[in-house]
Amino acid sequence: MTEQKKRRPYSSALRQEQAEATRQKIAAAARELMIRKGYADTTMAEVAREAGVAPQTLYTSCPGGKPALAKLVYDLTLAGDARPLPQSDRPEVQAIIDEPDPAHKLARYAAMATGILRRIQPVHRVLRAAAAASPSDAGLQEVLAGIERERLKGSHGPAQHLHAALRPGLTPARAAEQIYVLTSTENFEKLTEVCGWTEAEYEEWLAGILAATLLQA
């Protein structure tokens with residue numbers, strides 16, 4: 001009995017590692033197919049084949065079918081890996097929290113946001129295009145709506161963190177709404193693709209506009 005108990009933590013950790021590796025393979029295969037072929041033309045069977053997993057494994061990893069697969073792709077692309085680690089516990093966020101100067105905090109935040117947008121923009125564009133083409137796809141529509149709710153909710157963290165440095169009359173709730181809009185994928189696309197800005201120029205602009213909009217003079 002004692003020996004069994006000793007094995008359990010190791011076995012549990014190993015299973016978790018294997019599950020994370022499987023999710024990463026699935027997400028990588030689905031991401032490549034969706035970007036290349038589009039959401040509608042990517043089938044679950046193709047994803048399972050490209051990921052080298054059984055179809056049942058795919059459905060177990062993504063309960064909820066194709067919309068759940070799209071959300072998995074988005075989430076792992078956003079995070080940059082499959083580790084079950086909240087954004088708030090990641091080193092980039094800790095560096096922002098530890099930075100004492102509000103303007104420098106926002107410069108670090110802009111750098112982090114630019115890296116995330118670089119990763120997530122191709123996926124978000126594919127999902128937006130698919131949702132526009134299939135307004136009756138309730139599952140996909142809810143995935144996109146959920147992404148926006150999560151983005152807005154996530155913007156409350158930095159807004160609350162900057163509470164004492166916000167300009168007079170600006171509440172953390174309103175600051176969060178402005179952060180949410182300024183860091184949208186659509187703005188990133190327009191400035192880097194339509195206007196031809198480099199990512200460095202976008203990052204500099206984002207840091208400046210966030211500081212000018214949110215902070216006391």
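**A loop residue and its surroundings**

Guide: Thr42 sits in the loop between helix 1 (2-37) and helix 2 (44-51). Keep in mind that this is a predicted model. Is Thr42 buried or exposed? Its relative accessibility is 1%, so Thr42 counts as buried, the cut-off being under 20%. The side chain of Thr42 reaches the backbone oxygen of Leu33 at 3.3 Å. Leu33 is also among the residues that Thr42 touches.

Now the charged pairs. Side chains of opposite charge can pair when their charged atoms come close. The structure holds eleven salt bridges. One of them joins the side chains of Lys71 and Asp75, at 2.8 Å from N to O. Both residues lie in helix 4 (residues 65-79). They are four residues apart, about one turn of the helix. Lys71 has 17% relative accessibility and counts as buried. Asp75 is partly exposed, with a relative accessible area of 28%.

A second pair is Arg125 and Glu193, whose side chains meet in a salt bridge of 2.7 Å, N to O. Arg125 belongs to helix 6 and Glu193 to helix 9 (residues 185-194), so this pair ties together parts that are 68 residues apart in sequence. Arg125 is partly exposed at 35% relative accessible area. Glu193 is partly exposed too, at 42%.

A further salt bridge links the side chains of Glu142 and Arg149, at 2.3 Å from N to O. Glu142 is partly exposed, with a relative accessible area of 41%. Salt bridges can also share partners: Lys71, Asp75 and Glu150 are joined into one network that way.

Last, the core. In soluble globular proteins, nonpolar side chains tend to be buried together. Here the largest nonpolar core has 57 residues. Which of them touch the most other members? They are Ile26, Tyr39, Leu58, Leu69, Leu210 and Leu214. Helix 6 (residues 102-133) gives the most to this core, with 13 residues. Take Leu214 for a closer look. Leu214 touches Leu106, Leu162, Ala165, Leu166 and Leu170, and also Ala175 and Ile179. Arg167 and Gln178 are among its contacts too. Residues up to four places away in sequence are not counted there.

Key: Residues are numbered from 1 along each chain as its sequence is written. This is a predicted model: local features need pLDDT of at least 70, side-chain atom pairs count only at pLDDT 80 or more; totals for chains, interfaces and linings use all residues. Side-chain values use heavy atoms; hydrogens and water are left out. A nonpolar core is a set of buried Ala, Val, Leu, Ile, Met, Phe, Trp, Tyr and Cys residues joined through side-chain atoms within 4.5 Å. Buried means under 20% relative accessible area, exposed over 50%, partly exposed in between (1.4 Å probe, protein chains only). Helices (H or I, at least four residues) and strands (E, at least two) are DSSP runs, numbered from the N terminus. Contact means heavy atoms within 4.5 Å. A salt bridge is a side-chain nitrogen of Lys or Arg within 4 Å of a carboxyl oxygen of Asp or Glu. A polar contact is a pair of N or O atoms within 3.5 Å; within protein, one must be able to donate a hydrogen and the other to accept it, and residues adjacent in sequence count only if both atoms are side-chain atoms.
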